[in-house]
Every structure is written in C-alpha cells, then in structure tokens.
Amino acid sequence: MLRFLILFSLFIHSCIAAPKAPAAAATLPAEKWLTLNGQEPAVVARGGFSGLFPESCSSANDLAISTSSPGFTMLCNLQLTKDGVGICLSDIRLDNTTTISTLFPKAQKTYKVNGQDLKGWFALDYSSDTIFSNITMVQNIYSRPSIFDGQMPISAVEDVLGTKPPKFWLSVQNDAFYMEHKLSAAEYLRSLGLRGITFISSPEIGFLKSIGRDAVRSKTKLIFEFKDPEAIEPTTNKKYSELLLNLAAIKAFASGVLVPKGYIWPIDSAKYLKPATTLVADAHKAGLEIYASGFANDMPASFNYSYDPSAEYLQFVDNGKFSVDGVITDFPPTASQAISCFSHQKGNLPKADHALVITHNGASGDYPGCTDLAYQKAVDDGADVIDCSVQMSKDGIAFCHDSADLTASTTAMTTFMTRATSVPEIQPTNGIFSFDLTWAEIQSLKPQIQSPFITKVGLARNPANKNAGKFVTLDDFLKFSKEKAVTGVLVNIQNAAYLASKKGLGIVDAVKSALTKSTLDKQSTQKVLIQSDDSSVLAGFEAVPPYTRVLSIDKEIGDAPKASVDEIKKHADAVNILRSSLVTISDSFAAGKTNIVEEMHKGNISVYVSVLRNEYVSIAFDYFSDPTIEFATFIAGNGVDGVITEFPATAMRYLRSPCSDLNKEQPYAILPAEAGSLISVANKEAQPPAIAPSPPLDAKDVIDPPLPPVANIASHNATGAPPNAPGRSGSVATTANLCLSLLAILAMGLLFATE
C-alpha cells in the first residue's frame, strides 16, 4: 500500500495539470457566461476520474481532484448496505463493478426495481463490514484500463467527503426500492447532517420533497434528475417526458434539473446533431439550473465533434445562445480544459508555442484526404502548413493523393478492377495505381474518406461527406496555398526511383517545375517543406536555400546516434518521426520516452511527429483518451517542432489557448503526461510485460542510391494498360493470378462499401 501511495503521488505531481494560483484578470474570459447565474459552468466528476479508475475508488477521487479545474464538484452515486451504510457505486447491483461474484458465486438474487426484475448481487444483502473487508473494485467499462482491477476497496460516502473536494454531489437513485426493504436514504443523509453536501439529486420526486427542509437548513441544492423520456417516475407514475412539460412545478421542490445530454442536443439516426431543444432556455426561464450528463471521452458521440471531446463540451457551454450550468463527466480534466481554456476563444488568437501544425492530407479526419474540401477545412481550422503527397498519373500529371494505390481512398475498385496489378517495389499487396491511369480517368473517380479504425472498432469518419470533394493537381494546390496565404506547404515525394526507371515519369522534375511556376522558389514569405523518405530526392532540392528538406523516417526507432544525426544533416533540415518512436506504447499505456528529439536538436535538426488523430482508440490511456493531452505531451513535453495531424482544428485550439503556455501563471494549465507514470500505479503482476526497445537508427539507413534517369518509355497502348503488361492472351498462370488479385480487391471493395 505504501508503494502504491508513493507511486500515485509521483504520478499526480509529475504529469497532471494541477490548478495554479489565480492569474491576472486579463487571462480570464471577459464574456459573461450564459448560465442561470452568469457563473462558469460546473465540472462534475462522476465517481471521480472514472474514465481511468474504478468508480469512486480512492485513486479515482484523488486523480479527479488533481486534474480538475478549481471549484469542481465530486459526484457519488449512493447505494445502501444491509446495515444502512452509504457507499459510492452507480449501479444498485455489485456485479459489474466489484469482485463480489468471485467471492459469492451462488449468491445471486432477483429483485423488482422500478417495476423491472433485476438479477445480480445487491448491496443491501451485505453488511458494510463484508463489503469493505472482502470486496474490491473493477472497471465496469471494458474498453477502459483493467490493470487496476481488484486493487482498491469500495468507498464509503464518508471516504469521499474526507478527500475534501471543493464541492460534493450525492446522487440518490433508488430510494423507493430501499424504502421497500426498510432502508432510508433520507435517514442516512440526516445522520450525516448533510454536512459538506453541495448538491443532492434524485429521479424520485417523493424523496426530494422528503428532505426539502433539511436541504434548506444545510443550504444544499436539490436537483431533480430526468431519466429516459418514456421511463416512469415512481412518485407520480408519470413519464419523465410529461414532467418535462411543467418545469414550474419542479421549481417548487428543486433548484435545478439534471438531464441526459440528448435532451438538449438530440442526435439523429446517422449520428449528426439535430437542432437544439429549448430546454436550457425553458429551465432558466423557470429559475432552474440545468445540468447535462453522459459525457465521456471514450464514448463516440456526434460526427459533428470530429472525435474531439472538447468540441462536445463547447457545444453545451459556449455555443453563443445558451450554456448549461454544469456537465457530469467521467473525464473531468477534459471538461475543465474545455470550460477554463477553450471557451470564449474567438478569432485567430496567437499561438502560445512555436510548434507548427502540419496537416496529413489536409483535414482528412473530416473530408476525403487531399481534396479541395479537405484543404479548405484545414485553412479554416488555422493549420500552419498544408501538405500534398505527390502522385503521378500515367500521362504525367502531378496531383495530391496519400498513396499511389487508389483502392482505399477512391472508388477505383468499382471502375478499374481489371487494371489491378502487383508492384512489390511500392507495397506487398495488389492495387490500382495512379501511374497506370490517365488524369482524365482519375478525375472520373470519386474520392473516399479513409477511416483507419472502421474495420477494427467500427469508428467511421464523417459518412455524410464520405465521397465529397475533388482531386487537386499539384499546380492547383500551390495556387490555393498562395491565395489563402498559409504559413507554408509541405510537398511529399514518394516512389521517385520506381517512377523514373519503370514508368518513365520524373516526379522530382514535375515538383520542381510546379514550384517554379508558382514562384514559391523565389520568395521567403511562405515556408516550403520538401519531404521524402529518399535522401537522393532531397539532394535534388539542395540548391534552393529557402526550402526546408524533411527526411521521413517511416520505421519505428528507439534512438538516434550521433553518426545517424550527422548523416541526416547532410541531406535534411528536419525529420518526420513516428509518434511511437518518441513515446513507446505498451497495451495502450505510454511506457517510456526516448531521447530522439533532444538528439536531433543537438544536431540542429527539427523534429515533426506523425500521425496524430482524434479517435480515442489511437490515444494512450495516459492522455485521458483526449487528443489535446496528446498534443500537449508531444509539444510541451517532448519539445517537437511540429505535429502532423488529420485534425488540425484540435491542435490549433490547444496552441491558441493560454493554458498551453506553461510559463504563464494561470488558474488551470494543460500539462503533458509523463510516460511510464500511470502504468507504474498498478500492481506489478498486473502490469503488461516490458517491451523490447526499438532499434537505433543506423546511419547506413539514411543513405539512398542516386536516382536513376527517367526512362524513355514508349506511349502506352490504347487500352490504358501499363507498359509491358501482359495481353489478353497471357498465360494461364498470369490469368489465374490476376483473378485472385481481383477477388481480393473485390473483398476489399465490399469492406470499404460498408464504411
């Protein structure tokens, strides 16, 4: 236990955003909040930091206190033991949140609760001594960390009060059920004297009325909680949807209401926001505060939020028309930063850090990558540098596209399946390649948004715009970047040697020509970054001093020895490094940090990290399933010079917030996570095995052979087949292989068609 407390203390101290002393008034939002009383919306931590630890356990409570904004509220869901002791658990049953089923495997019972038969292990069947002495807690949401299971006891209400949170909220869910079994939540509260309880909520009108006088004496706010609209309220036997029609009646016994967030911002069947209801305005008109529940970073919400949990909070507190009075959340630091750091962040505020926000195929988290819409969204989001990965068409047109293979990100499979081929120099699988199609043929295709997590966990991206946008030539991309006056452009050159020798296409010359045509080679106003994984490609741009040459290191490395850094410096001014090369990940925990950034900086080489995404499944637990914390970890914690992301809006919001400036004294700061700290809190036997370090970068891996000359290849035949392609009378073996390729591509097509 002592080891646990020491480690947890170090974790809290080293990596979490602790509230600081109040700063000057100039750092606080000047606008008045649109809450009932004009004050900042409350952050209410459901069960402490239950997004990481089992609900209301000591670690969850301590972490919530350390990571939340000043004045936050701790929420405990009250359950009663057989001897009338109050414990903090959201479910009346103990099955899904504790180890009770392994201790008493045959002790299941069935009770009727609010008219429904529920089967399980119930708190009221066990004495407090049994519960506190024998039972430990587990995480009840399986996508959250399980390594803390079985380590911490259930918390009594007095335990949570003993942590002295700024405010305390007690949620009483099942008073009528307990009364049937001769237990009284009201009597339990009176035994506490309601001391230290700021809020008491319940979905039962009778209970709230029964403690009304006690609440007045203790200055405790009573909150009426709405359940599902079709559910029945036990006291009145009316549906909650009916009770919603008479808020004035609720004002007679409560000072506020608590509703699921969908009551305020409904979501349609396609998971897009519908227009807001008038509930917030109606509640405020009736003199009622209104709180919204159901916020969690790891529960997909509306596509309107682009998987950015901060964007969802802002929709409820800073939409310009209304603000809820508080949010109930499993991830209190994310709510804290949205309210304290991002609200009222209007206009193009200056960045608090020099780090560049560089796109990956434009804002490809919201639109098909490398399309006009993806680039326009990136500019609207404030990206510093927009990128174009250059591909070549069969007839020599340079255009922007993530890969030479068009199968995943276009509708090529439905149109040009017979043009599929194998190019092992580029990828191990078959594909339909841009250099085998004319520009006119490519323009006949539709772009297709890429969702990297659709197959594994079913997380699609913006399906309403799945095929939106148009493909963009390199010339048009550069023209667009000048018209929009972006800070810079990144031009990524791929497969130069293969295109020159096998296809007779000079991609390096095409890029040089486009840059000269745009006059970007003769100015210093806009940055021009030339990126490639081929040092010989970068050597071709050495004679243009304004350009920043970026070496892309596409494999995971664990170190950058001086010899490798010195070799890189001969060819490049910067490197693009995988994020897993900077912070090592083990079972979704940040296990350690390398020194690669420091080593590159010693060699005067800038470091850009890629690719950062918003989806919580791509984010380590240490970052609280919050992309903002990941940005903070790489920018403020690792000191990178740029982040490459598919969601530039999230990165820019962080960098434009005063909370990202760790040199500024302020009430709340967004601090980076410390790799290895969170995982060390778990018992040794529960921790995942240590992972072997990635190999260091070898200086020999930096050097590539000179580019071959561009081959003089005869014009392609009228069928559009690639040079030297077998004719229709090819061998049986060739035909069989092609058929197998087409079958594989057809299967891929059916998979992508379901996205």
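The largest cavity of this predicted model holds about 160 Å³ of space, and a search of the whole structure finds four cavities of 30 Å³ or more. A cavity here is a set of points, on a 1 Å grid over the protein atoms alone, where a 1.4 Å probe fits but cannot get out, and lining residues have an atom within 4 Å of a point. Grid points are joined across faces, edges and corners, and a volume is the space filled by probe spheres set on the points. Because the model is predicted, local features need pLDDT of at least 70 and side-chain atom pairs count only at pLDDT 80 or more, while totals for chains, interfaces and linings use all residues. Residues are numbered from 1 along each chain as its sequence is written, and side-chain values use heavy atoms, with hydrogens and water left out.

**The largest cavity**

- The lining of the largest cavity is made up of 17 residues, and M299, P300, A301, Y307 and D308 are those that lie nearest its centre.
- Sorted by class, this lining has nine nonpolar, five polar and three charged residues, where Ala, Val, Leu, Ile, Met, Phe, Trp, Tyr, Cys and Pro count as nonpolar, Asp, Glu, Lys and Arg as charged, and the others, Gly among them, as polar.

**Helix α27 and its surroundings**

- Helices (H or I, at least four residues) and strands (E, at least two) are DSSP runs, numbered from the N terminus.
- Helix α26 (residues 627-637) packs against helix α27 (residues 648-655) at an angle of about 65°, and their axes are 10 Å apart; axes are lines fitted to C-alpha atoms, for helices over the stretch in contact, and angles run from 0 to 180 degrees between N-to-C directions.
- On the α26 side the contact (heavy atoms within 4.5 Å) involves P627, T628, F631, A632, I635 and A636, which meet T650, A651, Y654 and L655 of α27.
- The residues of this contact of α26 with α27 comprise eight nonpolar, two polar and no charged.
- Seven of the eight residues of α27 are buried, leaving the helix mostly covered; buried means under 20% relative accessible area, exposed over 50%, and partly exposed in between, with a 1.4 Å probe and protein chains only.
- The buried residues of α27 are P648, T650, A651, M652, R653, Y654 and L655, and their cover includes α13 (309-317), α14 (332-342), β12 (356-359), α15 (372-380), α26 and β22 (642-645).

**The pair α19 and α21**

- Helix α19 (residues 474-483) and helix α21 (residues 507-518) cross at roughly 35°, and their axes come within 10 Å, in a crossing that is right-handed.
- L474, D475, L478 and K482 of α19 make the contact with A510, V511, A514, L515, K517 and S518 of α21.
- By class, the residues of the contact of α19 with α21 are six nonpolar, one polar and three charged.

**Buried residues in loops**

- H401, in the loop between β14 (398-400) and α16, counts as buried because its relative accessible area is 2%.
- Apart from its neighbours within four places in sequence, H401 is in contact with C370, S389, Q391, L406, S409, T410 and F471.
- N174 lies in the loop between β6 (167-172) and α6 (175-180), and its relative accessibility of 10% is why N174 counts as buried.
- With neighbours within four places in sequence left aside, the contacts of N174 are Q79, I92, V113, N114 and E204.
- A420 belongs to the loop between α16 (412-415) and α17 (439-443) and is buried, with a relative accessible area of 8%.
- The C-alpha atom of A420 is separated by 9.2 Å from that of T407, the two residues being 13 residues apart along the chain.

**Backbone features**

- Most residues other than glycine have a negative phi, and most peptide bonds are trans.
- S610 and V611 are joined by a cis peptide bond with omega about -15°, and V611 is found in strand β21 (residues 606-612).
- K182, a residue other than glycine, has a positive phi near 60°; K182 sits in the loop between α6 and α7 (185-192) and is exposed, with a relative accessible area of 78%.
- S588, in the loop between β19 (583-586) and β20 (589-593), has a positive phi near 70° and counts as partly exposed at 35% relative accessibility.

Methods
On a 1 Å grid over the protein atoms alone, a cavity is a set of points where a 1.4 Å probe fits but cannot get out, and a pocket is an open set with protein on both sides within 12 Å along at least five of seven lines; lining residues have an atom within 4 Å of a point. A crossing is left-handed if the near helix is turned anticlockwise from the far one by less than a right angle, and right-handed if clockwise.
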